[in-house]
Amino acid sequence: TGNYDANVALLVLQQQGYEAMFFDARKSSADLIATIDDGRREGFAGLLVNVPGTLGWIHRRLTRHWMVYKGQSEKWWTLDSKASSARSCEDFDGTIADHLAGGDTILIICKAKQAET
């Protein structure tokens, strides 16, 4: 169902050559956008967000679902396994603010840095 613990997601990302860090949800969406802007220079790859499930109001509280936001050429895309294709995210800043207000877990994903030899 995709309702995996964040530690499972972190392990899989690490195995694929990525690093991820939790975004402190007490901070504002402007702080997250600034972190993303800084990260673009450091190998930023996207955001992994854990959102409530969509099976109905009872299950909504019990299930969670991971989805990805990927930025490409100043445009943001929502990648969701429950959707038939990627969707354009027209209001990325507002969407992220809504996730933070809803208490959703956000992981910032970056390509792992190669060790210098």
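Guide: Helices (H or I, at least four residues) and strands (E, at least two) are DSSP runs, numbered from the N terminus. The model above is predicted: local features need pLDDT of at least 70, side-chain atom pairs count only at pLDDT 80 or more, and totals for chains, interfaces and linings use all residues. Residues are numbered from 1 along each chain as its sequence is written, and side-chain values use heavy atoms, with hydrogens and water left out.

Visitor: Okay, what pattern does the chain follow along the sequence?

Guide: Start with the tally: the chain has 4 helices and 6 strands. Now read along the sequence, and the pattern is α-β-α-β-α-β-β-β-α-β.

Visitor: What percentage of the residues in the chain is buried?

Guide: Buried is a matter of relative accessible area: under 20% is buried, over 50% is exposed, and partly exposed is in between (1.4 Å probe, protein chains only). There are 117 residues in the chain, and the buried share of them is 32%.

Visitor: Let's look at α1. Which of its residues are buried, and what arc do they cover?

Guide: The buried residues of α1 are A6, A9 and L13. They sit on the same side of α1, because the arc they cover around the axis (taken from the directions from the helix axis to the C-beta atoms) is only 60 degrees. In general, an α-helix has 3.6 residues a turn, so residues three or four places apart point the same way. To recap, the residues are A6, A9 and L13, and the arc is 60 degrees.

Visitor: Which exposed residues are on the face turned away from that buried side of α1?

Guide: First, the buried side: its residues pack against β1, β2 (44-52), β3 (64-72) and β6. Turn to the face pointing away from the buried side, and you'll find the exposed residues N7, Q14 and Q15.

Visitor: Is V8 buried, partly exposed or exposed?

Guide: V8 belongs to α1, which runs over residues 6-15. Its relative accessibility is 39%, so V8 is partly exposed.

Visitor: How far apart in space are A20 and C110, C-alpha to C-alpha?

Guide: A20 is part of β1, residues 18-22. Leaving aside neighbours within four places in sequence, A20 is in contact with L10, L13, L107, I108 and I109. A20 and C110 are 90 residues apart in sequence, yet in space their C-alpha atoms are separated by 6.1 Å.

Visitor: What separates the C-alpha atoms of G46 and C110?

Guide: G46 sits in β2 and is buried, because its relative accessibility is 2%. Beyond four places in sequence, G46 touches Y69, L107, I108 and I109. Along the chain G46 and C110 are 64 residues apart, while their C-alpha atoms are separated by 7.0 Å.

Visitor: Why does N50 count as buried?

Guide: N50 is another residue of β2. Not counting residues up to four places away in sequence, it touches R64, H65, W66, D104 and T105. N50 counts as buried because its relative accessibility is 8%.

Visitor: D104 came up there. Which residue's side chain makes a polar contact with the side chain of D104?

Guide: D104 lies in the loop between α4 (92-101) and β6 (105-111), and D104 is buried, with a relative accessible area of 8%. A polar contact is a pair of N or O atoms within 3.5 Å; within protein, one must be able to donate a hydrogen and the other to accept it, and residues adjacent in sequence count only if both atoms are side-chain atoms. Beyond four places in sequence, D104 touches V49, N50, V51, P52, R64 and H99. The polar contact is 2.7 Å, and the partner is H99.

Visitor: Last one: what is the relative accessible area of T78?

Guide: T78 is in β4, residues 75-79. Leaving out residues up to four places away, T78 touches M67, V68, Y69, A86, R87 and C89. T78 is buried, with a relative accessible area of 5%.

Terms used: Contact means heavy atoms within 4.5 Å.
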